Every structure is written in C-alpha cells, then in structure tokens.
Amino acid sequence: MIKLKIDNIEITVPQGSTLLKAAAAIGIQIPVMCHNEKIPNHASCMVCAVKNKQKGEFIPSCEVKATEGMDIDCNTEEVTAFRKDALELLLSDHVGDCEAPCRISCPSFMDIPRMNRLIAQGNFKKALEIVKEEIALPLILGYICSAPCENACRRKQMEGAVSICQLKKFTALEDSKSGSYYLPEKLPETNKKVAVIGAGIAGLSATFHLLKMGYSCSVFEKNAKAGGSLLNLAEEVLPAEILHIETAILRQFGAEFIFNTAVNALDIKKDFDAVLIASGENTKDAALDFSGDGFSTVHEGIFACGSVVKTVKMAVKLVAQGKQAAAEVDAFLSGKSQQYAVQFNSKFAKLKEEEIATYLMESTAEDRIDPSQGRLDGFTAIEAMAEAQRCLRCDCRKASTCKLRIRSDQYGAQQSKYKIAERKTIRKYFQQDILVYEPEKCIKCGLCIKILETHNDLTGFAYIGRGFDMHIAVPFDKSLQLAIAGAAAECIAACPTAALADFNPEENH
Amino acid sequence: MKKDITAIVDGIVAAKGKTVNKVIPVLQAIQQEFNYLPSAALERVCETTEISPSRIFSVSTFYTQFRHQEQGKHIISVCVGTACHVKGAMLVYDAFRRALKLKDGCDTDADSLFTLTKVACLGCCTIAPVVQIDDITYGMLTTEKVPEIIQDFLSNRQDNTSVRKHQPKHTANLKDEIRIGLGSCCVASGSSAVRDELEKTLENNSIAVNVKQVGCVGICNQVPMIEIIKDNKSTAIYTKVMAEEVRKIVLKHFKSGNIFNEAGNRLLNYIEDLVVDHFPVSSRKYSPEKRDTPVSEYLNRQINIATEHRGIIRPLDFEEYMKLDGFVALKKSLFEISPGDITAIIKHSGLRGRGGAGFPTGVKWELVKSAVSDEKYIICNGDEGDPGAFMDRMLLESYPFRIIEGMIIAAIATAATQGLFYIRAEYKLAVKQITAALEICRKHNILGENILNSNFSFDITLFEGAGAFICGEESALIASVEGDRGFPSLRPPYPSEKGLWGKPTLINNTETFSMVSWIIRNSAEAFNNTGTLHSKGTKVFALAGKVKRGGLIEVPMGTTVREIVEEIGGGIANGRMFKAVQIGGPSGGCIPASMADIPIDFESLSSAGAMMGSGGLVVLDDTDCMVDIARYFLSFTQDQSCGKCTFCRIGTRKMLEILNKICSGKGSEQDIVALEQLALKTQKGSLCGLGKTAPNPVLSTLSYYRNEYEAHIHGSCPGGKCKDLIKYEITEDCIGCTKCAQRCPADAIAAKPHELHLIVQEKCIKCDSCREVCPVNAVILK
Ligand SMILES: Cc1cc2nc3c(=O)[nH]c(=O)nc-3n(C[C@H](O)[C@H](O)[C@H](O)COP(=O)(O)O)c2cc1C
Ligand code: SF4
Ligand code: SF4
Ligand code: SF4
Ligand code: SF4
Ligand code: SF4
Ligand code: FES
Ligand code: FES
Ligand code: FES
C-alpha cells in the first residue's frame, strides 16, 4: 500500500494505482479525455493534469502512478489554468462547429439542422417538435422572422442559404392543417400560478414555456384579442388567420386569456405566485422599477420582458426573451438555480473553396428553391423535402457527448487564443452510413488505433507523420470499411470527440 | 515489376527477419533497393511478416529517412543545420530550386534526375554551408556556385567513392610518414581526391613513404590537411590542400626516385623561395614547433581524453590501438579490479553524462548494476540529432575501439549481457567504421564468448537510427529499437530499471563511453583534476559558425566562452563583431558576447539560460539575427516533435507561427508577450525533454535580445537576415561592371556597362547573388 496526499487529504491506495484512481477513491473527479480505462494507451491530452507539489511538475494523472509520500494538487487555480491552457491549445488546432452557425445566430437557438434533417426524411411532425422546443410561435415567425439564421447559413456560399424560415413555417402550417395541433408534453403540475401581462409576442412565447413547465398561466390583455404589435401588420404580411391559429393552440395547451383587461402588476401580485410583464412598448408604468438582474425587477416575484423593458424590433428576439423570462420565473418559483448560460461552441469562419465539395457530400447540389405557391403560402411538401436536403449538416454529431466540448465549457476555454496561421482544411470520410471520420476534430489520442490493433482481421488505423502534422489514417489508402468494419461502434464510443462519430446519431438515440 | 518487388522484398525479409522489431531495418533495406518505399513492397512485407499495416505506416512516416514517393535519380540534400543556417543555407537551397527549375510544392526536377531535400546537419559544420549529392559532399557553398556543383556532380560521379580501402604499398619500417585525415569533413572537403593524388605522386616518383589515413584531425575547417612526418618528427602541416598542389608538397619534402622529375622539383624550390607565405596557392604550411602559429594555438589549449591520439591514430588499426595502450583498461577491468571497483572509479572521477543532462555516470551504472535481471543491455547513444553538433560522429568515425572498450567496461561493471550501438543512418562513415571495428574486435576475442579468455561474455550489435531527433531521447530510442514510432514514454520507470524489452538498460552517450578507458587507465584523480567543482574532466565541442577556425575541440570543463572563441577559434572571421554563442542546440540558448567570460560547465550554462546539451557550439556575429535564430530552432523542434502530447505538438507550432509573424514584420507587442507566455507553458506542460527544452532558444533570446524582437515589431531586422524586412541596394561605389546584372536570377538589375546599377525592388527576390558577386562591395543590405 502507498500513502500520499491529494488536495491535502492523506490517503492510502494499492501499489500501482494511478493518481486518477487514487483521487477518485476520495471522491475527487479529475476530468479525462484521452484516457480510457479499458484501453491501454499513453497519456497525451494533459487535461487530467495535476501538480506534483514537491517537484513543481504538472503530470498526467491518468498515467502517473501514485508513489509513497507524493503531495498532489488537483483543484488549485494553477491546475485549473493549466488544464485550460491544454484545452485552448487543442482547440486552436480543432476545426468544427459544435452547433451549426445558423443555430448559433438564431436568437431563439432553434435546432435548425435537426429540423432540416427531419423534413428531408418527410418526418414533418417530429420536425415541428424540434422547432417547438425552442420556438413557441413558429407559425407567426414563419411569416415575419427576419431570419438572421439564413444570413449565417454555410450554404450561403453555394447557391444560396437554406430557406430555414420557410421550412419552419412549413412544419407549422402542416401541423395547423392536420386538425389536431401538436402540443408538447408538459412537466408535472406545479400548482403554482403565473400571471402574464400582455398577449404580444413575448407574452405568448413565455406563456407557452410556462405551461410546458407545469405552471398555470393567466394572460391579461388590454385589447380584445391577442397579438399586441402584430395586430398592426398588413394581411399580406401576416394573415389574421395565422394569429388566430397560434392563439388557439395556446388556449388548447391550457392558457387562460383575459381580454379587455388592463391590470397593474403590483396589484395582481397577491393573487399569483409570480407576474411577468410583457405588455409592450407603450405601457411603461412609472411605479415599476425594471432594474433587476436578467428579467427580474426590483419587486419580488415580478418579472418583465420584451419592449416594455427596452424596445425590441426583431420578432424572434421577443420570442427568445419570452422563453428566457419563463425560465427565470421557473427558477424563482422552483428554487432551482437558473441555468441559461451559453454552452461552449467550437467555430470557424467561412468554408474554404476546397471544403465545399466535402460539405456537399452530405447534401445535394440544388439551387435554393423558391416556393411555387408564393412566399406567403410557402413550400409544398416535395419542395420542403428537397430544400431541407440542401442543408449541409454543419452541426456536430457529438455535440452533446464530446469531451472536448464539455471540458472546454467547464474550464471556460477560448478557442481564439492562438489564432495565428491559417487553419487546417476540413476532410470527411464515410464508412457507408455507419461512421464518419473527421480528422480535423481528432485530438490524436490514439485510442482508435489501439482498439483496432486488437482486431487482427482489420487493416486498422495508423499514425501518419509526426509533430503538428501528425494525423490518423488508413494504411495503403484502404477504405474505412476495411479499416474498421464491425469495430465501428467500439471506436465511436471511445473517441473523445466527434472525429469518429456515428453517421446517424439521432436515429440511434 | 510487381514480381520483381516481391522477390526483392522476400529476400530482404529473409535476411532481416520477420518480427515486429525488424520493421526499421527492413524498411531501410527496401529503400536502399528502390530509393523510396514502393507501396507494393510494403504490402508484401505485411503479408509475409508479423509487421502490421498499421505499424509499417506509423513507423515509416515517423522517420525522416523514409520516402514514400518515387524520387529523382539523385538526391540533393541541402544541410539546414545550425552552422549551415547561419551561413546562408536557405539561400543555397533557394538557388538549387532555381537551378533545377523546381515548381512550387514539387521537389523533383522535370527530368526526374534530382530530388531536392533539406537535412539537419551532415556533420560537416565547419565547412558550412554543406550540400550532399548522393554520397558526395560539397562544402563552403555560395549561391553562385550552385550551377557549377550540379555540373561537377554530373561529370564526376563515376569515380567518386567517399572512402576507399587503401593498402599503402611501402610500409616496411619507414620512419617517414604522410598523414591525411579522412573524417567526414575531410572527405567532404576533397581529401579523397588529395589522397588519390598523393598516392599517384608517390607511385610515379617511387617515393617510399607511409601514407597514413587518420580519423578526424579536429581542425575541420582547414581540411584537407596533410601532415609530413620525417624521422618520426612532425615537420610540416599543410591545410586546405588542393589535389593540384599535392605533387609540389610531396616533392618538396621527399626526393623523387625518378630522375625524370628532377627538373620539376628544382622549379618548385625556386617558387617557394620567392613567396613562402603564399605557396601553394590555397594551402599554408605551419610548423607545429612554433607555438604561435594558428594550428598550435588551436590545438594547444586542448586536452585530449575522448580524442586521445588525435590526428595520429588510424581508426581501424587494431595493432596501433593496442600499442597506444588500447584495451589496457579493459584488461584491468577484467582481471585486476572488481565490477564494484570500476563503478567506484567512475563515480569518483566525477564523470557526468555527455548526452545533455549531465547525470552522474557512476550513479547510473550503480543503478543498472543493482537491478536484478538475467538480461541487461548497454546502449551507446550515437543518435546525435542536434543540428549543429558532430562530436559523436567524429568519435565514432575516429575512435571506434575506444568507444567499444568503454562499453565493454560498462558491461563488466553492470553485468550486462548485450550491447547496442544506436547510430543515425545519415552517419554512413561512422556506421561503416563501427561495423568494421566490431568485426575486428570479435576476431581478437575482445567481443564474444569469454572475452580475452575471461569468464565474461558480451557482444555488441548496431542499429541504424532512421532520422528523428526525438530518438536521441532514451525512451524514444528504445521504442524505435523495438520497432515502434519514437514516442517517448513517461519516466519513471527509467531504463536502468525497465529499458529495452523491459530489461534493465544502461544508456550512455558516445562521448561518455569514450572517456571511460582513459579514466580506468589513468585513475579517477587524473580525470577530476581537470574541470570545475561539479563538472569534471573535459568536454568535446563542435565549434562552428562565424569563427576563423572551427572543428572538433576537447577542452577542460570551465574553459570560458571567450577562450574558445578568441583563442581556439581565432576570433570572428571576416572582421565582423562577436555577438553570441549558441550552446546546446535546440534545447540550449544563447550566451551574449558580454557574458563571454562565463566558464563552460553544466551549472554555469544552465544558470545563464543555455544548456550543455549535446555540445554544439555555434558562434554568431553581428550579421546574425537573434529572432531568426530562435525561429530557426523552433522550426526544427516543432518539426521534430513526436506529436504525442498537446503542449509540445501544438505549443511549439504556435510559437513558430508567432515567430514567423514577427520575422515578417507583422508582429505586435502583444505577440512578444504571447510568445513568452506560450514558451513558459510549453516548458511546463510538455511530457519529455524535447518539449520541455524547446522553448529555451526563445526564452534566452528574449531575455538577452528583447530589443531585437522589438526592432522587428517596428519594421527592421538589425542583423539583416529577415527577408521581409530587408532591401538590397547599390551604392555610389558601383563601377558598372555588370556582374550583378548577369547573376541576378530575377532580372531585377539591368546591365548598364560603366554606369551606376539599380535594383528594381519589386523584382528582387533577395537571393544575395548580387552582393556575393560585386567586386567592390557596392551592394548593401538595408
Ligand atoms: C529530445 C532529446 C534528444 C536527445 N538526444 C540525444 C542524443 O542525440 N545523444 C545522446 O547521447 N543523448 C541524447 N539525449 C539524452 C538521452 O535521453 C540520455 O539522457 C543520454 O543518452 C544519456 O547518456 P549520458 O548519461 O551519457 O548523458 C536526448 C534527450 C532528449 C530529451
Ligand atoms: S468535436 Fe466536440 S468540440 Fe469539436 S465541433 Fe464537435 S462537439 Fe464541438
Ligand atoms: S447548411 Fe444547414 S446546418 Fe449549415 S448553416 Fe445552413 S441550415 Fe444550418
Ligand atoms: S479519431 Fe482516434 S485518435 Fe482521433 S480523437 Fe478519435 S479516438 Fe482519438
Ligand atoms: S514533449 Fe514533444 S517530443 Fe516529447 S513526448 Fe511530448 S510531443 Fe513528444
Ligand atoms: S556587381 Fe557591383 S560594381 Fe558591378 S555593376 Fe553590380 S553593383 Fe556595380
Ligand atoms: S493525459 Fe490523461 S486524460 Fe489525457
Ligand atoms: S427561426 Fe431562428 S432566426 Fe429565424
Ligand atoms: S553540416 Fe550543416 S550544420 Fe552541420
């Protein structure tokens, strides 16, 4: 047995234990990336580094064995900074989008590529479900969104952006014609009541999300119908019918509308657990002080969002605010900590000329499709599917499981820290519809090589070159099928990033 | 063709073996055969051996030696080692590209006659810049000589063998002797031609004199050198001898037996009487008796331990080695003292490893000795990857028996069972000499079963390193011997505990081993009398760069930088100013001239931010740019990084990118700060010595020459080296000779006889040709 100190705690571990295991024994979780318990491999990423206090050295805890009398730091600022440095170096040599650029530029963070894929498959219902996770009013936005997402769309470089906004409208219109509206599953009833003041975009959006989270919602509107500023729009911009359907959906979902009623938040507070003011630009009340954190006001339990706080022109931003305000109300009422921080995103600027063909491998070469029935009525189903197929699938296949992303998020790593010379060129290789290999997402841990070494019948992978240009490839230019074959799932599971990823992760979840 | 490959590969596999550890020797043999690695050959290897496709690719793409593309008929290797770099290797490289009309991204000419590559140090630094075409080496190049050299190669390549076996015809009891050095530098400088001419002259004139081919004479940038010994006394040394001059030199000292030549001889004496100093044209005669001659100054400051009998001993002459106390230490170790005594002597001598880190050799031997195992290995590290060092090469070429003796003594002391030389494949002569020496030792029962009839058995094999700086690092070296990529592994466990094939292994540097027999023979005290408190004995340095006299020197530890540069090296060449020395190569740093009184030993160098490293010592003058030097080393280390760990793989590359930015004049103050921070992070975060020391050249230049970095930020390169920041201009001194215009490869100068010439800046490619050729130094750098 070996005695040592980890974070000033004396412990005894069996001979041969790594520092990683020793720390785990006293509940200290050290992050790992290139390490995999089942696969013998060398330390390389340095994300698991700890400090040997006596020697002043930073060492990889996943490989270094505990020795008698060691004194190890796992959680000091210095150690944390070191791990962040390692991550930032890795990120500087990493080319990929965690989330697609369209999604990032959507103020409401709609999962656009996912929606596109579902539409392309003809699964319009599921597509709408994805849309509604982030966007409460897809039908309305389908008509009036200024679509910043399309401006960011990578497809803009080739035959025009994907018609994201029209596609979203299409899913919502399909739903509206189906006779039974899609209503998401609600969380368990909380028995708490929220008053929303104002049935404009922000208020309606918040109402949708609050209902979903299990609150009962009363919407007070001084006008005779819902819509707020939308009511000023011309019929050829936003048909009245559309506003009507969207309100009907909310009502079906459980919203109680109280029209023709102007209320004062401070007055009605006593009847509700929380109040959200979303009454729009022209209803400012001198008695209310909005200077709180986020969407809260100085008045306990009273929140405010939308133009009543500060004029917001873009409809999708109001939709986003409604969603975020609802989350804050929820946090307040449930006592949970509010979690709306933006997750880490690996990004890169424009596609290079030579990358276009690579990206088109997952798409079609078509031009942007204009709806044959006119922009107001939008796509037919066939057009929608064809247009959705134009999506390049920019989002990462392991966006939610990638260790590099999770650690970068955890340590607040900045990808732009070492942006000096030109980035590497993205390549993608496919093993039929089983696996995708993207070398520019590889952190060179070598786990895949080690796994494939145990399969004698396979060609396997090899390291090519050394130093910065080192990469992983199939010997003799053989196919991925010969290299990996049946070991694909094993490699995908071990690969810490999306360098090796499931071709179709969503279907397998 | 396919059938052919199969048969050849099968032959190679049969000769080398089928186990995974044979992958490098098999690849080397394939490349020897085809000049590159044809894919079909590699597939055949995988079919017929234990070597997997994954291994063969991982290994063959790791080492620089291996080529996967078909090559031109001849390979031109431009040395871009440190000494060559500071003497303008890149300009020479560019000149070759132009002369061969190579297109961007392509290294083989249109006729597939030549392939151009860069190599790190050919070990002839003293005659830098150096280029090797196949086996022929050309030194002291300038851009303008490039086309001539290609021509010369094409017309001469048949009769140019680098070293020939020579059996002198007149060996019987001769008092007279002519010595000629045949180390790599010597050969590169033309000493084979001189030797041929010498033999021809002796033959034609029936002169009975012994011609003795000795190893490196140490004074590498004055070679070819001929030493005349008459009546057992050195009478004259001629340096920089050209083949045409040999006849005159010989006939001056030895009477021709052939009456025909008398007239010629008389004429010769007549010429000599006229101008002693300028005869023959390029060679000078020094009498070793006179103490103030440059040669004696060069040699007299030195103490020869590793290089004992330098310039006298014939590398492969076993009898001579015996006569000069060879294997006395071995016999003592076998028959007179115990293994424990050996280790005690080495420990007491204070000898520290010469491979860089300076680990006490005796302590290391004790560790291996106390490791319990029925098999133990001894490895002589002759990888010498520092691009500005060639000591180990010289030692291996010139004193093979001494190193072997050191290894056997180490084996006795540690109870080792097997020995291994690990030598870079580029060191062709060293490989050849060691192979031959091992064979001779076996013949004389110095190696093999029951050495010298003792009960100790030990043998040594040789492994050719395939070109990766990291394989000088001991754990990476072991990985490569085992048939893997040269990925270092975490230490502990150290090789002394778990080394080659998991067995206890003693790894010492070549120079370390070459000191052993001297110490055992002369006592620990004799060794530790010399040197400083913590660094005992002598150290061999490869002195190169901007000094007047460069070469292999062996000086006591504690000798100052100034003594080496000014006294041994004769000061700075061409009347320039002494600026700094770079010590320790890619892991080392710069010592500025203002600190030249620092004694050279392990501790002093480290505290000055440099490092003993391998012992490369490159002298820099005021035309050298310190930012460029830092960039040079970083481009080397980032290329040589094994790629395993994050900080080294990416950190060194990012440092290089920042340095490139600064050198191109696009840097900012923040870039200097970012560079410094990243250097510190890389030092802290890298897993092995390569990455941990790679930032040293940056940190040391930043601490002594930050002002030069700042100058680059503000748009100027004080040393006049960074192409983006300099301009060539012609001054009023121009005499209108048109030479520059004729030379300019970019048509940037119009020929206007007798008029002031002008460089069109937009066209100028900064190749330096005009400046080289101008007879009145009218072309200047701005
Ligand atoms: C990157 C790197 C390169 C090295 N290159 C060499 C080398 O070329 N020759 C050498 O003897 N030692 C080299 N070393 C040092 C060896 O790892 C080892 O310490 C040495 O061979 C031990 O011999 P010594 O104790 O006699 O010095 C290198 C170390 C590192 C980290
Ligand atoms: S591999 Fe990880 S870090 Fe890279 S884009 Fe994908 S999720 Fe983001
Ligand atoms: S191509 Fe698809 S995933 Fe990529 S940005 Fe455009 S819509 Fe988004
Ligand atoms: S592709 Fe292989 S080497 Fe690269 S990160 Fe994934 S598992 Fe590691
Ligand atoms: S420091 Fe560099 S050479 Fe050493 S293991 Fe890491 S990557 Fe390889
Ligand atoms: S070589 Fe010199 S002197 Fe001759 S023309 Fe050019 S600049 Fe003038
Ligand atoms: S080095 Fe330990 S997890 Fe990567
Ligand atoms: S739906 Fe996201 S910006 Fe339009
Ligand atoms: S021969 Fe070129 S640097 Fe040594």
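**Figure 1. The end of helix H9 in chain B of the predicted model.** Ser206(B), which follows helix H9(B), has a positive phi, near 50°. The model shown here and in the other figures is predicted. Helix H9 of chain B runs over residues 191-204 and so comprises 14 residues by the DSSP assignment. From its first C-alpha to its last, H9(B) reaches 19 Å, close to the 20 Å expected at 1.5 Å a residue. The buried residues of H9(B) include Val194(B), Leu198(B) and Leu202(B). Charged residues are also on the list of buried positions, among them Arg195(B), Glu197(B) and Glu199(B).

Figure 2. Chain B contains 31 helices and 20 strands. Of its 782 residues, 61% are buried. Among the contacts in chain B with a separation of 6 or more, 71% join residues 24 or more positions apart. The accessible surface of chain B comes to about 30,000 Å², and carbon and sulfur atoms account for 51% of that surface.

**Figure 3. The salt bridge between Glu355(A) and Arg423(A).** The structure holds 69 salt bridges over all chains, and one of them joins the side chains of Glu355(A) and Arg423(A) at 2.6 Å, N to O. This pair links distant parts of the chain, 68 residues apart. Glu355(A) lies in helix H13 of chain A (residues 353-360), whereas Arg423(A) lies in the loop between helix H15 (403-411) and strand E11 (429-431) of chain A. Glu355(A) counts as buried because its relative accessibility is 0%, which is under the cut-off of 20%. Arg423(A) counts as partly exposed because its relative accessibility is 23%.

**Figure 4. The salt bridge between Glu362(A) and Arg397(A).** The side chains of Glu362(A) and Arg397(A) meet at 2.8 Å, N to O. Glu362(A) belongs to the loop between H13 and helix H14 (381-389) of chain A, and Arg397(A) to the loop between H14 and H15 of chain A, so the pair ties together parts that are 35 residues apart in sequence. Both residues of this pair, Glu362(A) and Arg397(A), are buried.

**Figure 5. The salt bridge between Glu440(A) and Arg427(A).** The side chains of Glu440(A) and Arg427(A) meet at 2.7 Å, N to O. Because Glu440(A) is in the loop between strand E12 (435-437) and helix H16 (447-453) of chain A, and Arg427(A) is in the loop between H15 and E11 of chain A, the pair ties together parts that are 13 residues apart in sequence. Glu440(A) is buried, with a relative accessible area of 7%, whereas Arg427(A), at 29% relative accessibility, counts as partly exposed.

**Figure 6. A network of salt bridges in chain A.** Glu99(A), Arg103(A), Asp111(A), Glu134(A), Lys323(A) and Arg405(A) are linked in this network.

Figure 7. The residues around ligand 4 include Cys442(A), Cys445(A), Cys448(A) and Cys495(A). Ile443(A), Lys444(A), Gly446(A), Ile472(A), Pro496(A), Ala499(A) and Leu500(A) are also among the residues around this ligand. By class, the shell around ligand 4 has nine nonpolar residues, one polar and one charged.

Figure 8. Of the 13 residues around ligand 6, Cys734(B), Cys737(B), Thr738(B), Cys740(B) and Cys774(B) come nearest. The shell around ligand 6 divides into ten nonpolar and three polar residues, with no charged residues.

Methods. Residues numbered from 1 in each chain as written. Chains lettered and ligands numbered in written order. Predicted model: local features only at pLDDT ≥ 70, side-chain atom pairs only at ≥ 80, totals over all residues. Heavy atoms only, no water. Helix = DSSP H or I, 4+ residues; strand = E, 2+ residues; numbered from the N terminus. Expected span 1.5 Å × (residues − 1). Buried < 20%, exposed > 50% of the residue type's maximum accessible area, 1.4 Å probe, protein only. Near = heavy atom within 4 Å. Contact = heavy atoms within 4.5 Å. Areas by Shrake-Rupley, 256 points an atom, 1.4 Å probe, with all protein chains shown as cover. Salt bridge = Lys/Arg side-chain N within 4 Å of Asp/Glu carboxyl O.
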